[in-house]
Amino acid sequence: MSEHSVRRARWEHLTTDELYDIVRLRNRVFALEQRVSAEDFDGRDRDPDTEHWWVGGADGPVVGYLRLVRSAPDEPHPAGTAVPTRVIGRVATHPDHRGQGIAGGLVAAVLGSHGAEPFVLHAQQYVAGLYERHGFVRFGAPYDEAGITHVGMYRPGA
């Protein structure tokens, strides 16, 4: 995956085609594949500080995606660490494109842009190793979210 294939935009700069492809991917992974019944659209997509990061688009479908939001003031994080400023979420890779480093490339691109800031994310436990390779550490006990075991993960700013 080349650095040029990673794209990002805030809500007001997404084209309708980009948004359509992002929604299709999120629906395919979270609703159809993982059977998550919780509402995907929580209002955070449109926040002025939210960034949408993806791979694909202009000449083909979106095959990887993540959403970067500002953290809430009460965002859980390890005791004694800096309050996180950003939360990575909604990480999705099309099933036909897994194992190609797409999610890792998206995380690396986000950290390349915002790596000086502390981050938190809520990882599905079976993919926590992906985030550990980027300097995230697990904290707290595993928990159930939408019927899937998750673990909190934290990365201090660089």
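Analyst: Asp 45 counts as buried because its relative accessibility is 4%; buried means under 20% relative accessible area, exposed means over 50%, and partly exposed lies in between (1.4 Å probe, protein chains only). The model is predicted, so local features need pLDDT of at least 70 and side-chain atom pairs count only at pLDDT 80 or more, while totals for chains, interfaces and linings use all residues. Residues are numbered from 1 along each chain as its sequence is written, and side-chain values use heavy atoms, with hydrogens and water left out.

Helices (H or I, at least four residues) and strands (E, at least two) are DSSP runs, numbered from the N terminus. Leaving aside residues up to four places away in sequence, Asp 45 touches Trp 11, Arg 26, Thr 50, His 52, Tyr 65 and Arg 67, where contact means heavy atoms within 4.5 Å. With one of these residues, Arg 67, the side chain of Asp 45 makes a side-chain polar contact of 3.3 Å. A polar contact is a pair of N or O atoms within 3.5 Å; within protein, one must be able to donate a hydrogen and the other to accept it, and residues adjacent in sequence count only if both atoms are side-chain atoms.

Glu 117 is found in the loop between helix 2 (102-114) and strand 5 (119-124). Its contacts, again without residues up to four places away in sequence, are Arg 70, Thr 85, Arg 86, Arg 155, Pro 156 and Gly 157.

In the whole structure, a search finds two aromatic pairs. One of them joins Phe 119 and Phe 136, edge-to-face, at 6.4 Å centre to centre with 75 degrees between the planes. Rings of Phe, Tyr and Trp (its six-membered ring) pair if their centres lie within 6.5 Å; planes under 30 degrees apart count as stacked, over 60 as edge-to-face and the rest as tilted. This pair links distant parts of the chain, 17 residues apart: Phe 119 is in strand 5, and Phe 136 is in the loop between helix 3 (128-132) and strand 6. The pair of Tyr 131 and Phe 136 is edge-to-face because the ring centres are 6.2 Å apart and the planes are at 80 degrees. Phe 119 and Phe 136 are both buried, and Tyr 131 is buried with a relative accessible area of 6%.
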